[in-house]
Amino acid sequence: MKKLLMFMGVLCLLVACAKDPLSDLTDEDSQVFITNYDDTVSFSSYKTFATSSDSIIVLQNNRFYLSALSPELNFVQNVTNKFKERGYTRVEKTASPDLMVNIIRVSNSSVGITQNPNYGGYGYGGYYPSSYSFYEITENYWYVEVLDKKNYVANGNKYNVIWNAEIRGNGIFDDGSLNNLVNAVFKQSSYLNR
Amino acid sequence: MKSNNIKRYCQPLATVAFLVILLIHFGAFAQYVPYRSYQPRQKQQQPTTKIKQQGIQEDDEDEHKYLSPYQRYTHFKLSAGYGVATPQAGLTEYIKAPASRNWAITGEVVFKKGFSVGLQIGYINFAERIARQLYGATGTNISAVQTRTLAATPIHVVSKIFLLGASSPIRPYLQGSFGATMLNYVNYWGTLDDGNNETKLGTTLGGGISWTPNPQSGFGIELKALYHQAPFQYGYMTKFVAVDASLGISYRWY
């Protein structure tokens with residue numbers, strides 16, 4: 001019996017070998033940069049852009065508000081600088097810019113409920129009623145979109161999104177990493193220039 | 001990256017070393033355990049009479065009692081192995097790195113005729129980190145570090161054919177199995193996961209060697225290699241195919 005118990009102990013050790021595959025993932029490696037663009041558009045046909053300089057949009061569970069924390073304004077400044085580097089001229093919103101750049105911090109969270117089934121009929125007639133467990137999903141990421149204001153009428157009186165970028169992962173709201181994040185999305189968007 | 005590789009390959013080696021030390025311990029322990037007393041079954045009159053009728057010399061009394069109980073009886077065997085697995089065509093498009101977390105537990109009924117039937121539960125966990133790359137499609141670009149994982153959990157009915165008798169300390173065997181193979185494909189883009197989880201009918205074929213250094217103790221060493229396959233198509237994968245080799249311990253009793 002002693003041997004069998006030791007043997008079972010070895011089996012338990014083996015079973016316990018499962019490991020979290022992301023446990024050694026650094027913040028930088030966790031970051032994902034997703035860019036989408038309208039491949040029918042010629043980005044060199046636009047000259048000016050506008051963006052808000054004093055705040056960003058925070059989108060939280062289908063409602064939004066403006067925010068102006070220091071890292072957020074730094075992020076805006078980094079994006080603005082990149083558009084300028086690519087040859088676009090910044091103008092005020094009231095000056096009919098060709099492009100409108102929206103900078104959004106998405107902060108969604110949702111709570112779900114799962115039901116655990118009941119168990120009954122074991123032992124001395126014990127009955128365990130159904131129980132409920134709660135789980136919460138949160139997602140926080142940067143979202144930058146570029147609207148085509150120049151062709152508003154030609155597009156049927158609507159602003160088409162011709163470019164957007166999502167930045168997801170750990171450490172994306174750290175002040176020190178903002179420049180690298182913006183560089184990364186523009187690096188993979190070489191078509192975005194005059 | 002280098003330290004990761006060292007960790008990846010050292011972990012199974014350390015586990016195997018641990019199992020071997022454990023086995024040595026069992027072997028030493030077995031030195032102090034006298035041979036399991038055997039109460040012979042009540043002799044059946046009919047066969048003896050038959051033998052006498054055929055004029056064959058009756059030699060049961062002395063010879064029979066030296067036969068191993070494992071030769072005389074259908075017995076049970078429990079074994080556990082740990083090793084490495086390498087992906088094969090169909091899976092290599094997704095993962096190329098060998099799996100260092102691969103184990104299997106087998107419980108079987110070993111018949112006197114030299115074959116066994118049992119149940120095998122295994123676990124093969126492939127994981128590979130792909131350095132940051134730009135993945136593109138029309139109108140979309142994604143830059144990410146991918147962590148590609150695939151976990152296969154076969155729960156199979158297994159059968160073995162032993163090529164030598166139960167008295168032999170080394171028993172090579174061929175084995176085949178079939179049953180449910182649960183496959184869990186998760187490709188992490190950074191921390192975002194894209195996955196699919198399915199259960200398929202899988203099969204394995206292979207062989208191994210069962211070595212019982214001290215026949216009195218019931219403990220032994222198992223060395224085996226298996227070819228796994230199951231239909232599974234998702235993402236970069238077109239089929240689950242892998243070859244694994246494992247070293248383990250076994251315990252048999254009657």
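Asp174(A) lies in the loop between β10 and α4 (178-187) of chain A. This is a predicted model. Asp174(A) is partly exposed, with a relative accessible area of 43%.

## Two loop residues with positive phi

Ser96(A) sits in the loop between β5 (89-90) and β6 (99-116) of chain A. Its phi is near 50 degrees, a positive value in a residue other than glycine. Ser96(A) is exposed because its relative accessible area is 60%, and the cut-off for exposed is over 50%.

Asn157(A) belongs to the loop between β9 (131-148) and β10 (160-168) of chain A. Phi is positive here too, near 60 degrees, and Asn157(A) is likewise a residue other than glycine.

## The chain as a whole

Chain A contains 4 helices and 10 strands. Their order along the sequence is α-α-β-β-β-β-α-β-β-β-β-β-β-α.

Chain A has 194 residues, and 39% of them are buried. The accessible surface of the chain is about 11000 Å². Carbon and sulfur atoms account for 51% of that surface.

Contacts also reach across the sequence. Take those between residues at least 6 apart in chain A: 70% join residues at least 24 apart.

Terms used:
Residues are numbered from 1 along each chain as its sequence is written. Chains are lettered from A and ligands numbered from 1 in the order in which they are written. This is a predicted model: local features need pLDDT of at least 70, side-chain atom pairs count only at pLDDT 80 or more; totals for chains, interfaces and linings use all residues. Side-chain values use heavy atoms; hydrogens and water are left out. Buried means under 20% relative accessible area, exposed over 50%, partly exposed in between (1.4 Å probe, protein chains only). Contact means heavy atoms within 4.5 Å. Accessible areas come from the Shrake-Rupley method with a 1.4 Å probe; for residues, only the protein chains shown count as cover.
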